[in-house]
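Work through the exercises below with the model open. Try each task before reading its solution.

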Amino acid sequence: MINATASTHHAAPTEGAFPSRGRVGMCCLIATEAALFSIFVAAYLFYIGKSLHGPYPAQVLEVPMLPTICLLASSATIMLAERALRQGYRVLFSGSWFLTILLGGAFLYATALEWYRLIFTHHLTISTNLFGTTFYSLVGFHAMHVTVGLLLLTLVLVLSVLGYVSQAQSARVEALSLYWHFVDVVWVVVFLVVYIIGR
């Protein structure tokens with residue numbers, strides 16, 4: 001009787017009592033990337049107004065409102081996709097996931113157009129001045145994260161279309177969506193620092 005009571009006290013914790021390894025791993029990755037982004041943001045803020053020659057931010061930067069709306073909207077669509085998968089609606093999941101990819105792709109395309117304009121119209125490169133160096137480093141670092149996120153999202157979409165993504169993989173999908181939310185939150189910071197404060 002005593003042994004039975006003791007065994008109940010030492011029973012294994014129920015599943016779901018702790019976050020999944022994927023979620024913990026993703027949170028650790030996000031914490032590391034957040035620290036790196038902080039360094040880039042601090043450098044950009046430190047060197048604002050210290051370029052010895054132009055072009056300067058106010059002369060060449062345009063506020064990217066539409067791309068920003070697209071990227072922030074993608075957080076809503078990926079949340080819809082998460083919920084759909086948890087409830088077993090695989091078609092709705094695939095559709096919302098695909099829309100997330102389109103919105104992220106539109107943002108990345110707008111970034112490419114901006115860089116083309118800055119480089120070939122205003123002759124602003126990473127070696128032009130301090131503004132160019134810090135701008136391309138910060139915005140480029142974010143664009144790289146968006147690119148990685150889009151590749152992973154596309155991989156999940158392909159697996160979903162092939163029938164390999166089901167309700168059982170919802171925890172893994174949620175871990176990936178955390179990364180995408182992180183990319184969106186970082187863009188809010190970059191947008192405020194580069195296009196509002198830095199101009």
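**Exercise 1. Count the salt bridges, then place each one in the chain.**

The model is predicted: local features need pLDDT of at least 70, side-chain atom pairs count only at pLDDT 80 or more, and totals for chains, interfaces and linings use all residues. Residues are numbered from 1 along each chain as its sequence is written, and side-chain values use heavy atoms, with hydrogens and water left out.

Step 1. Arg23 and Glu174 pair at 3.2 Å, N to O. Arg23 sits in helix α2 (residues 21–46) and Glu174 in helix α7, so this bridge ties together parts 151 residues apart in sequence. Helices here are DSSP runs (H or I, at least four residues), numbered from the N terminus.

Step 2. Arg86 and Glu174 pair at 2.9 Å, N to O. Arg86 belongs to helix α4 and Glu174 to helix α7, so the bridge joins parts 88 residues apart in sequence.

Step 3. Arg23, Arg86 and Glu174 are linked in a network of salt bridges.

Step 4. Arg117 and Glu62 pair at 4.0 Å, N to O. Arg117 is in helix α5 (residues 90–120), Glu62 is in the loop between α3 (57–60) and α4, and the two are 55 residues apart.

**Exercise 2. Describe the largest nonpolar core.**

A nonpolar core is a set of buried Ala, Val, Leu, Ile, Met, Phe, Trp, Tyr and Cys residues joined through side-chain atoms within 4.5 Å. The largest has 43 residues; Tyr44, Leu61, Phe93, Trp97, Phe135, Leu153 and Val194 touch the most other members. At least two residues come from each of α2, α4, α5, α6 (130–161) and α7. Helix α7 gives the most, with 13 residues.

Now take Phe93. Count contacts as heavy atoms within 4.5 Å. Beyond neighbours within four places in sequence, Phe93 is in contact with Ala81, Ala84, Leu85, Val156, Ser160, Val165 and Val173.

**Exercise 3. Locate the nonpolar surface patch.**

Patch residues have over 30% relative accessible area and no salt bridge; nonpolar side chains (Val, Leu, Ile, Met, Phe, Trp, Tyr) are joined within 5 Å. Areas come from the Shrake-Rupley method with a 1.4 Å probe. The patch includes Leu45, Val63, Leu72 and Ile196, and its residues together have about 940 Å² of accessible area. Helices α4 (65–86) and α7 (170–197) each give two or more residues. One of the members, Leu72, lies in α4. Leu72 is partly exposed, at 37%.

Conventions:
Patch = residues over 30% accessible without salt bridge, like charges linked within 9 Å, V, L, I, M, F, W, Y side chains within 5 Å. Salt bridge = Lys/Arg side-chain N within 4 Å of Asp/Glu carboxyl O. Buried < 20%, exposed > 50% of the residue type's maximum accessible area, 1.4 Å probe, protein only.
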